[in-house]
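Trainee: I would like to learn how to read a structure feature by feature. Where do we start?

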Amino acid sequence: MARITVPVQLRWSDMDAYAHVNNVEMLRLLEEARIEVFWRHPEGPDGTVPDGARPTAVLDAGPGALTSTLVARQEIQYVRPLPYRRAPVVIELWLGHLGGASLDVCYEVRDAPTTVEGSVVFAVATTTIVLVDTATGAPRRLTADERAVWTPYLEDPVVIRRRA
């Protein structure tokens with residue numbers, strides 16, 4: 001089981017009138033982690049990759065990118081309210097599915113482990129991303145290189161609780 005861990009700092013503006021992170025802002029936190037993990041950082045003027053670049057970050061982003069990504073679906077289950085605090089939350093990411101032109105990114109939003117029992121989970125979620133050829137606007141298939149980089153992070157998808 002290989003997961004990628006990304007610390008994400010909360011902002012004061014993430015909090016709502018109920019003194020916890022707003023449900024819409026929770027999706028923003030997931031987006032920040034997803035971009036950190038899958039999008040390549042811009043190269044420096046000398047062509048070097050910045051320190052901390054992730055090996056999973058193989059998608060180009062920004063103006064002129066040949067591929068864009070579209071969110072096709074998002075599903076989130078809020079497990080408990082996340083109050084504002086200065087310490088970053090930890091977002092664990094993995095892939096629940098690699099399709100032909102899409103992938104399911106799975107998340108757990110939680111505290112850093114503080115005890116032997118583990119940490120508090122605030123939310124679990126899945127985002128389906130479709131890779132799109134920027135020139136044509138049509139979905140494009142995952143390349144062999146993308147699949148090779150991402151396959152080690154493939155495991156069972158998030159299970160969202162359903163009402164009976």
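Trainee: Is Trp12 buried or exposed?

Mentor: Keep in mind that this is a predicted model. Exposed means a relative accessible area over 50%. Trp12 has 59%, so Trp12 is exposed.

Trainee: Which residue forms an aromatic pair with Trp12?

Mentor: Two rings pair if their centres lie within 6.5 Å, and planes over 60 degrees apart count as edge-to-face. The structure holds two aromatic pairs. In one of them, Trp12 and Tyr84 lie 5.2 Å apart, centre to centre, with 80 degrees between the planes, an edge-to-face arrangement. Trp12 belongs to the loop between strand E1 and helix H1, and Tyr84 to the loop between strand E2 and strand E3, 72 residues apart. Tyr84 counts as partly exposed, at 26% relative accessibility.

Trainee: How are the rings of Phe38 and Trp150 placed?

Mentor: Their centres are 5.6 Å apart and their planes stand at 90 degrees, so this pair is edge-to-face. It links distant parts of the chain, with Phe38 in helix H1 and Trp150 in helix H2, 112 residues apart. Phe38 is buried, at 3% relative accessibility, and Trp150 is buried too, at 0%.

Trainee: What sits over the ring of Trp94?

Mentor: The charged end of Arg3 does, 3.6 Å from the ring centre.

Trainee: How many bridges join strand E4 and strand E5?

Mentor: Strand E4, residues 102–110, and strand E5, residues 121–133, pair in the antiparallel sense over nine bridges. Val105 stands opposite Thr127 in E5.

Trainee: How does one look for empty space inside a model?

Mentor: Rolling a probe the size of a water molecule over the atoms shows where empty space is left. In this structure, the count comes to one cavity of 30 Å³ or more, and the largest cavity has a volume of about 30 Å³.

Trainee: Which residues line the largest cavity?

Mentor: Its lining consists of Arg34, Phe38, Trp39, Leu59, Thr69, Leu103, Val105, Ile129 and Trp150. H1 and E4 are the elements that give two or more residues to this lining. Both rings of the Phe38 and Trp150 pair thus return here, as lining residues.

Key. Residues numbered from 1 in each chain as written. Predicted model: local features only at pLDDT ≥ 70, side-chain atom pairs only at ≥ 80, totals over all residues. Heavy atoms only, no water. Phe/Tyr/Trp six-rings, centres within 6.5 Å; stacked < 30°, edge-to-face > 60°. Helix = DSSP H or I, 4+ residues; strand = E, 2+ residues; numbered from the N terminus. Buried < 20%, exposed > 50% of the residue type's maximum accessible area, 1.4 Å probe, protein only. Lys NZ or Arg CZ within 6 Å of the ring centre and 35° of its normal. Pairing = 2+ DSSP bridges. 1 Å grid on protein atoms, 1.4 Å probe; cavity = no way out; pocket = protein on both sides within 12 Å on 5 of 7 lines; lining within 4 Å. Points joined across faces, edges and corners; volume = space filled by probe spheres on them.
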